[in-house]
There are 2 protein chains.
Amino acid sequence: MSFDVIKKEGAAKRGVFHTVHGDIQTPVFMNVGTVAAIKGAVATTDLYDIGTQVELSNTYHLHVRPGDKLIHDLGGLHKFMNWTRPILTDSGGFQVFSLAGLRKIKEEGVTFHSHVDGRIIFMGPEESMQIQSNLASTIAMAFDECPSSTSERSYVEASVARTTRWLERCKKEMDRLNSLPDTINKQQMLFGINQGAVYDDIRIEHAKTISEMDLPGYAIGGLAVGETHEEMYRIIEATVPYLPSNKPVYLMGVGTPANIIEGVYRGIDFFDCVYPSRNGRHGHLYTHRGKINLFNAKYERDERPIEEGCRCPACRNYSRAYIRHLLKAKEMLGMRLSVLHNLYFYNHLMEEIRDALDGGRFEAFRKQALEDLNTLNE
Amino acid sequence: MSFDVIKKEGAAKRGVFHTVHGDIQTPVFMNVGTVAAIKGAVATTDLYDIGTQVELSNTYHLHVRPGDKLIHDLGGLHKFMNWTRPILTDSGGFQVFSLAGLRKIKEEGVTFHSHVDGRIIFMGPEESMQIQSNLASTIAMAFDECPSSTSERSYVEASVARTTRWLERCKKEMDRLNSLPDTINKQQMLFGINQGAVYDDIRIEHAKTISEMDLPGYAIGGLAVGETHEEMYRIIEATVPYLPSNKPVYLMGVGTPANIIEGVYRGIDFFDCVYPSRNGRHGHLYTHRGKINLFNAKYERDERPIEEGCRCPACRNYSRAYIRHLLKAKEMLGMRLSVLHNLYFYNHLMEEIRDALDGGRFEAFRKQALEDLNTLNE
């Protein structure tokens, strides 16, 4: 298990992350399958066709339904959803703090109500690690608190200190779980998460502290939650230099194609975001010249594919006019084709970024791609 | 364009129906794609994988949205939905008489309100033929009235007489349309429809009358609309002998796997039904031993495919436990996999029926299959 940086251009890195479920070519975009399925009727058998390297599933959602013990008993998430490549599971923390009702934070962890049936659930670092061990994902994320971007400094300081203590407990518990005989993936990896809201100095101190724990990867969390893009880029620039340069850096929940290009430029290796699937379900489709809204009347008789030259399953077979008709008629197939296109677009964008890095022309690529992405404005 | 009966066993026929879009091996089950897409996010590219021979689309729905003129201008339904094999379009009559509001029947046709935007639409035999010509389907259905199975004899007599006059107008209009230069499919075929509710003598007289028009195929309509299975079988037995034996007979909107086997036994060649897609979306899955309800708790940890030995895309890749989880979580993928399985089941059942007819062992197949289909009772 290691991360090979095979090329650098400024802060941007071209790497290969080795895992028990195969290599991940970085920079990479992970495709979000919240409850062990990507929204939009996308099956794991489709993912090979749209270039998915890593599938991301949600610990909180799977714990609530169908239950992580059930998934463990059925052989783990890979077997359950029939996917052989890497899976990253989040810690559940983000959902606990955003979705669940009546939460109560203590040093031990968080008590909250399930959004499905209202039952009381307790989750702390040990519980999160246990659930993720049951799911047997390739990469588990540390259990953290993600303070709001508008939180007061004193709250953020206390929260980040607790997140550090929680990370120590996560690491200890994962080491223990990985040594147990009935653990499915005994080589499960733990990524730590940097927090600190919009306070650069708290971010930097926290990055230094967690870097000492020698984890296989680190994430920057708590961004893209309301702050401006400029603030986000400033925080990434401030924080990345204090994370280990020989470990991948994962920018959680980000973002637009432009955000991703700017993230790579600032040293980010892993990304994930619900934009491509969520926008696809609403008929907002990505092209290299910007997003198009397929509900727009001008596409009613448009026989072209969503994007000319695109090799996704939607563009290879269907016209804008047909997919628009399906979306207007609320046919599930319209959402499916749109989501397949958008995920392919993101995965293919990462391939273009990797090719540019391989060829030592990322800076030129970045300028041109950002300019092109601003052409359309629908 | 002709129908070759290559084997017979009692009234059951094994045939090949030649069309401009390729041969149809009969008996055949047509897969219903109401608005130019099969519900459940099933794309035409999936249909090759599940053994679909004929796709069926709805004239009324496509007229209302996106409009048959638009589909004509984009090259017809085959090009619009990217499907090269045969397409059958219904006449719109069934939807006009069941879906639309405030309808008014006259000799000329029917005035009704669109269920989408309420606008007033007039449809008669000529309008139905024009729409189906615009769609450029392989087989167009005659515009008819489908009287309720509880209609009085006098109403049914008058209705059937009008349906006969409408059929003459349909035939004349299709001949005209097929001769026009901008008609996409100049070899579009017209199937007549037998009506007569549950009155055998009216059915028989009507069958004799329409048989004289020498159409390439005939349908039995107005069944499976409330009468018992026994009544339906009796009417089929009474009517089929009075339809041409060298033309395919299509039993519209029927039915369960048992209904289909019994229909073939009584001389039916074409079938269509929404059961496999509708039941699939509700987690009711077909097996050779009967339907299973995947919401049943006993499937929670069931690692087997929906049906052992099934070669459908769902069974080849996923377990009952996984698909059940998706259905419970209301993930579109759960519906998609269930619909793919059910359509494959129906298409594959027809293949088994054809193999049995080819081998001269249909009667033995029928008895065993009907017995097996009664094994489960969920």
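Predicted model: local features only at pLDDT ≥ 70, side-chain atom pairs only at ≥ 80, totals over all residues.
## A first look at a two-chain model

Lys208(A) has a relative accessible area of 36%, so it is partly exposed. Glu205(A) is partly exposed too, at 45%.

**More salt bridges**

Over all chains, the count comes to 48 salt bridges. Here are a few of them, among them one that crosses between the chains.

| Salt bridge | Closest N to O distance |
|---|---|
| Asp49(B) and Arg316(B) | 3.5 Å |
| Asp73(B) and Arg301(A) | 2.7 Å |

Arg14(A) has a relative accessible area of 8%, so it counts as buried. Asp358(A), at 35%, is partly exposed.

Over in chain B, Asp49(B) forms a salt bridge with Arg316(B), at 3.5 Å. That pair also links distant parts of its chain: Asp49(B) is in the loop between helix H1 (44-47) and strand E5 (55-57) of chain B, while Arg316(B) is in helix H12 (residues 313-317) of chain B, 267 residues away. Asp49(B) is partly exposed, with a relative accessible area of 40%, and Arg316(B) is partly exposed at 36%.

Some charged residues go beyond pairs. Glu237(A), Glu262(A), Arg266(A), Glu363(A), Arg366(A) and Lys367(A) are linked in a network of salt bridges.

**Where the chains meet**

How many residues of chain A are in contact with chain B? There are 38, and they touch 38 residues of chain B. Between them, the two chains bury about 3,400 Å², 58% of it on carbon and sulfur atoms. Three residues stand out here: His325(A), Glu331(A) and Met332(A) supply 17% of the area that chain A buries against chain B, more than any other three residues.

Six salt bridges cross this interface, and one between these chains joins Asp73(B) to Arg301(A) at 2.7 Å. There are also 16 residue pairs in polar contact between chain A and chain B. On the chain A side, the elements giving two or more residues are helix H1 (44-47), helix H3 (68-73), helix H4 (77-81), helix H13 (320-328) and helix H14 (332-358). H13(A) gives the largest share, five residues. By type, the residues on this side of chain A divide into 21 nonpolar, six polar and 11 charged.

So how do the two copies relate? Chain A can be laid on chain B by a turn of 180 degrees with a shift of 0.0 Å along the axis, giving an RMSD of 0.0 Å. The two copies are therefore related as by a two-fold rotation axis. Both copies use the same surface, and 100% of the contact residues of chain A recur in chain B. Of the residues of chain A, Ala41(A) comes closest to the axis, with its C-alpha at 3.4 Å.

**Inside the chains**

Is Asn259(A) buried or exposed? It counts as buried, because its relative accessibility is 4%. Asn259(A) lies in helix H10 (residues 257-265) of chain A. Its side chain makes a polar contact of 2.9 Å with the side chain of Tyr233(A). Beyond residues up to four places away in sequence, Asn259(A) touches His229(A), Met232(A), Tyr233(A), Val254(A) and Phe271(A).

In chain B, seven of the nine residues of helix H10 (residues 257-265) are buried, so this helix is largely enclosed by the rest of the structure. Among the buried ones are Asn259(B), Ile260(B) and Ile261(B). After H10(B) comes Gly267(B), with a positive phi near 100 degrees.

Thr89(A), in strand E6 (residues 87-89) of chain A, is buried at 0% relative accessibility. A polar contact of 2.8 Å joins its side chain to that of Gln132(A).

Gly280(A), found in helix H11 (residues 275-281) of chain A, is also buried, with a relative accessible area of 0%. Leaving aside neighbours within four places in sequence, Gly280(A) is in contact with Tyr275(A), Ser338(A), Val339(A) and Asn342(A).

How values were computed. Residues numbered from 1 in each chain as written. Chains lettered and ligands numbered in written order. Heavy atoms only, no water. Contact = heavy atoms within 4.5 Å. Buried area = accessible area lost by both parts, 1.4 Å probe. Salt bridge = Lys/Arg side-chain N within 4 Å of Asp/Glu carboxyl O. Polar contact = N/O pair within 3.5 Å; in protein donor to acceptor, adjacent residues only side chain to side chain. Helix = DSSP H or I, 4+ residues; strand = E, 2+ residues; numbered from the N terminus. Nonpolar A, V, L, I, M, F, W, Y, C, P; charged D, E, K, R; others polar. Buried < 20%, exposed > 50% of the residue type's maximum accessible area, 1.4 Å probe, protein only. Least-squares fit on C-alpha atoms with pLDDT ≥ 70 in both.
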